[in-house]
Amino acid sequence: MSDCAIILAGGEGTRMRSDKPKVMAELLFRPMLSWVTDAAKKAGINDILVVTGYKSEIVEEYLNGSCRTARQEKRLGTGHAVMQAMDFIKEHSGSDVLILNGDAPLIDDKTITEGLKYHREGGFVQTVISAKIDDPFGYGRIVRDENGNFIAITEEASATEEIKRINEINSGVMWFDCDTLADLLGKLKNDNSKGEYYLTDTVAIALSEKKKVGAYITANTDAVLGANSRVQLYELNEKVRISILKSFMLEGVSIPCTDGVIIDKNTIIGRDTVILPGTIIKEGCKIGSGVTLGPNTVLYRTEVGDNSVLNQVQAEEAVIGEDVTAGPFVHIRPDSKLDKGVHCGNFVEVKNSVIGEKTSISHLTYVGDSDVGSGVNFGCGVVTVNFNGKKKNRCTVGNDAFIGCNTNLIAPVKIGDRAYTAAGSTVTEDVPEDALVIARSRQTVKEDWVTKNKPYREKK
Ligand code: UD1
Ligand code: MG
């Protein structure tokens, strides 16, 4: 049997003042819970059960089967939450189980594995991961006897003044031998001021039965930090944001000013890339080297090739090749692919389209549902008219075509290689290669029309 983990995620988190469960509050665009599941997975633990409670369905929907779940119908404390996982614990009889709090997102794989090593090497049935912090208020305190032996965890609400002065606290992360945990849970009582079943009471019960219980003091004090309010969430965001930016800097990414820069921790970024203020890189992005992003560029699930420059660009679910220049004010929408050397100038939108090498779309243009060849030039104000009110249709533009200013391409329509469209044309039928299409009314000039008709008011 391999090791497994239980994540406690049932709490409401009243102080967040949210309609969502607390573990769904986001740290850098990801729910706190996902940081905890990621840490467990990174530590090599794949069998994870999440105990849900307040608005279970929101957490279940988010997890979408990626972890097992058990519901805690009433919030009767952390011990009671773990009791809801009894079948899971029994299933893993003979192995160790890790308990994690879903509201402490900075736990990391190293702390988890170091705790397990301490647990195994010490022959403990239960190991609590503790930390020494400056302000222990609110946490369960690690109580030791005069010889330094761990004897109990005392919660803030039950602590004497002397115990409140202890600055070694329970991180909430614990390793248990599964069989011992199942046994201890059966012995928990709720005879405390809150009437809750505290998981932390298992320590004193185990010790009273002469079982070996350890407390591993981690040097990573961030691992214990949690967020109970939006102010604390902001503080965590800021801490994590800056530490992620610094780790990218150490990998060769330049961030001359970190103002408004947020980068998802799993982003891949090449060397000599420069990230300018106001740039947000959300999940699922891969950025090449020598790229300049920003100011004010927002990317989501997007790839950007080497040496591209994206100035004030928003791109989602797109693939942007090498040497692309885009911006300012460009929107690259899902399922778009810009090949090498493409240029998109100001106020250009591309959606669900493939744009071939070195094609230039310089100003005020919409290219949607289109397959565009290489070396094409779009004049100012071109629109691919892809929607007829019922259905989306595609346009095809051949290599080296020249689409004149203010051309409307009424989809489905095909422009051949090297063909030209005259400015202001509304093209409704296919244009063969090397042709010029003029699809606009011929200019008529009426000589002296103004003097004859006097369409203005006579001056007094
Ligand atoms: C808990 C610990 C405390 C430790 C601290 C670390 C207990 C009794 N206390 O206190 O020693 O220092 O974590 O952060 O364990 N939850 C449920 N169901 C419940 C109650 C809680 O699922 O009935 C979940 C919460 O969603 C949360 C986790 O358990 O993710 C911890 O609960 P919380 O109420 O935050 O406990 P703390 O007061 O922080
Ligand atoms: Mg808490």
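Which residue takes a positive phi just after helix 1? Gly44 does, with a phi of about 90°, and helix 1 has a view of its own below. The model shown here is predicted: local features need pLDDT of at least 70, side-chain atom pairs count only at pLDDT 80 or more, and totals for chains, interfaces and linings use all residues. Residues are numbered from 1 along each chain as its sequence is written, chains are lettered from A and ligands numbered from 1 in the order in which they are written, and side-chain values use heavy atoms, with hydrogens and water left out.

View 1. Along the principal axes, the C-alpha atoms fill a box of roughly 110 × 55 × 45 Å. Of the 460 residues, 48% count as buried, where buried means under 20% relative accessible area, exposed over 50% and partly exposed in between (1.4 Å probe, protein chains only). Lys210 sits in the loop between helix 8 (202-208) and strand 11 (213-217) and is exposed, at a relative accessible area of 74%.

**View 2. Helix 1 and the glycine that follows.** Helix 1 spans residues 32-42 and is mostly covered, with 8 of its 11 residues buried. Among the buried residues are Met32, Leu33, Trp35 and Val36, and Ala39 and Ala40 also belong to this set. Just past the helix comes Gly44, the residue with the positive phi of about 90°.

View 3. Arg68 belongs to strand 5 (residues 68-71) and Asp47 to strand 4 (residues 47-52), so the pair ties together parts that are 21 residues apart in sequence. Arg68 is partly exposed, with a relative accessible area of 34%.

**View 4. A salt bridge within one helix, Glu161 with Lys164.** The two side chains meet at 3.7 Å, N to O. Both residues lie in helix 6 (residues 161-164), 3 residues apart, which is about one turn of the helix. An α-helix has 3.6 residues a turn, so residues three or four places apart point the same way. Glu161 is exposed at 54% relative accessible area, whereas Lys164 is partly exposed at 29%.

View 5. Lys351 is in strand 27 (residues 348-351) and Asp369 in the loop between strand 30 (365-368) and strand 31 (370-372), so the pair ties together parts that are 18 residues apart in sequence. Both partners are worth a look for their cover: Lys351 is buried with a relative accessible area of 11%, and Asp369 is buried at 4%.

**View 6. A network of four charged side chains.** Asp183, Lys187, Glu209 and Lys211 are linked to one another in a network of salt bridges.

**View 7. Backbone angles to check in the loops.** Most residues other than glycine have a negative phi, and most peptide bonds are trans. A cis peptide bond joins Gly294 and Pro295, with omega about 5°, and Pro295 lies in the loop between strand 17 (292-293) and strand 18 (298-300). That loop also holds Asn296, whose phi is near 55° and which is partly exposed at 40% relative accessibility. Gly327 and Pro328 are likewise joined by a cis peptide bond, with omega about 0°; Pro328 is in the loop between strand 23 (325-326) and strand 24 (330-332). Asp400 also has a positive phi, near 60°. Its place is the loop between strand 34 (395-397) and strand 35 (402-403), where Asp400 is partly exposed, with a relative accessible area of 44%.

Notes: Helix = DSSP H or I, 4+ residues; strand = E, 2+ residues; numbered from the N terminus.
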